[in-house]
Amino acid sequence: MKTTITTILALMACTVAFSACTRELIEEPVNERPVLSGLRTMTFTAVQEKQDSTTKAAIDGRDIKWSKSDALSVFDGTGNRKFTLVGEGGSTSGTFIGSAAEACAYYAIYPYTETATLNGSKIEGAVLPVTQTATAGSADPAAMLMMATSTDANTLSFKNVCAYVKVKPAFDCSRIVLKSKGYEKLAGTVKLDYNGGAPAAEGTADGTSSVTLDGTITSGSTYYIAALPQTLESGFAVRFRIDGVDYEKGSTKTLGLTRNRIMDLGSFQFSDLTIISPLLTVFKDAIDGSENPTTGYGIGW
């Protein structure tokens, strides 16, 4: 009898410990579940944060929605697990499926980054692309870096990591480059801290002081550059490649890039640009110094 009671108490203790961390498992026959060294198939509902309403509700007034084949990195404390979107997407809320170990807390980033790792509560090796694909009316999905955490093992509420810079050229071109004159790091490999729901990003040694949009860029369309939030104390420049030749417009005024907000630099006219010799490796400062009449921001173009 004593042995029986001891056994029952031991089983009860295991049950309580197991219940401390729960998650939503997909209901399927046991013999069809994959055996992955202690990993279990599970789902997360992932929702996205909108751009701050003090600038715009969302990029070009549209919610950023999950798309088919989107994937997340989910960290369960033992590894970086790939979770993929179920269905075609088209909503700010999506169901992602994958396999992970039991954990009391999960961290996640979008997009999926195979080389990223979890160190305590911080993620290392996340990437904000230095070269982004120009997409009229939106940002490159691969550059929309987001972070989430979950303790209920059911929902991941993603928060935007980046600031967005809006540019509208009044001419066709093949490249737009945002450059920090003070060499602050705008993109590259970063370390992320969830920071109570306001993710903080720190650039690493391989970070760059410029971000490039490449692609077919058409006159009158708007484009968004994703960059690390910070203050560019020494100013910035925007460079355009037109028919193989580089032109730019710069400012020595401070530019603040805020997480989850869009900084609208307004419309750029070809007549306002200065040609850049292919032999030059530094950006020249504009000498106008007047307020930008389009944005009213007063950045001193």
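At 8% relative accessibility, Gly94 counts as buried, where buried means under 20% relative accessible area, exposed means over 50%, and partly exposed lies in between, with a 1.4 Å probe and protein chains only. Before I continue, please note that this is a predicted model, in which local features need pLDDT of at least 70 and side-chain atom pairs count only at pLDDT 80 or more, while totals for chains, interfaces and linings use all residues. Residues are numbered from 1 along each chain as its sequence is written, and side-chain values use heavy atoms, with hydrogens and water left out.

Let me stay with Gly94 for a moment. Gly94 sits in strand S4, residues 93-100; helices (H or I, at least four residues) and strands (E, at least two) are DSSP runs, numbered from the N terminus. What does Gly94 touch, not counting residues up to four places away in sequence? The residues are Phe44, Thr45, Ala46, Trp66 and Leu85, a contact being heavy atoms within 4.5 Å. Between Gly94 and Thr45 there are 5.6 Å in space, C-alpha to C-alpha, although the two are 49 residues apart in sequence.

I turn now to the whole protein. The protein has one helix and 22 strands. Of its 301 residues, 45% are buried. Of the contacts between residues at least 6 apart in sequence, 72% join residues at least 24 apart. The protein exposes about 14,600 Å², and carbon and sulfur atoms supply 53% of that area, as given by the Shrake-Rupley method with a 1.4 Å probe, where for residues only the protein chains shown count as cover.

Strand S4 belongs to a barrel. Seven strands close into this barrel in the order S1-S4-S3-S2-S5-S9-S10, with mixed pairing; two strands pair if DSSP finds at least two bridges between them. Neighbouring strands here are turned by 30° against each other on average, direction ignored; the axes are lines fitted to C-alpha atoms, for helices over the stretch in contact, and angles run from 0 to 180 degrees between N-to-C directions. Val74 stands opposite Arg81 in S3.

The next element is an open sheet of four strands, in the order S6-S7-S13-S14, with antiparallel pairing. S6 (117-119) and S14 stand at the edges with a single partner strand each, so one side of each has no neighbour in the sheet. The twist from one strand to the next averages 35°. How many bridges join S7 to S13? Six bridges link S7 (residues 122-128) with S13 (residues 188-193), and Leu128 stands opposite Gly188 in S13. Leu192 has Ala201 of S14 as its bridge partner, and Asp193 stands opposite Ala200 in S14. S13 and S14 form a hairpin with six residues between them, and Asn195 in the turn has a positive phi of about 55°.

In soluble globular proteins, nonpolar side chains tend to be buried together. The largest nonpolar core has 50 residues, of which Ile176, Leu192, Phe240, Leu257 and Leu265 touch the most other members; such a core is a set of buried Ala, Val, Leu, Ile, Met, Phe, Trp, Tyr and Cys residues joined through side-chain atoms within 4.5 Å. Its largest share, five residues, comes from strand S16 (residues 223-227). Apart from this core lies another, of 19 residues, among them Trp66, Met146, Ala148 and Ala153.

Finally, the aromatic rings. There are nine aromatic pairs, counted where rings of Phe, Tyr and Trp (its six-membered ring) have centres within 6.5 Å; planes under 30 degrees apart are stacked, over 60 edge-to-face, and the rest tilted. Phe171 and Phe240 form an edge-to-face pair, with 5.1 Å centre to centre and 85° between the planes. Phe171 lies in the loop between S11 (163-169) and S12 (173-180), and Phe240 in S18 (residues 236-242), 69 residues apart. Phe240 is buried, with a relative accessible area of 0%. Phe171 also forms an edge-to-face pair with Phe270, at 6.3 Å centre to centre and 75° between the planes. Phe270 lies in the loop between S21 (262-268) and S22 (274-276), so this pair ties together parts that are 99 residues apart in sequence. Phe270 is partly exposed, at 41% relative accessible area. Ring pairs link Phe171, Phe240, Tyr247, Phe268 and Phe270 into a cluster.
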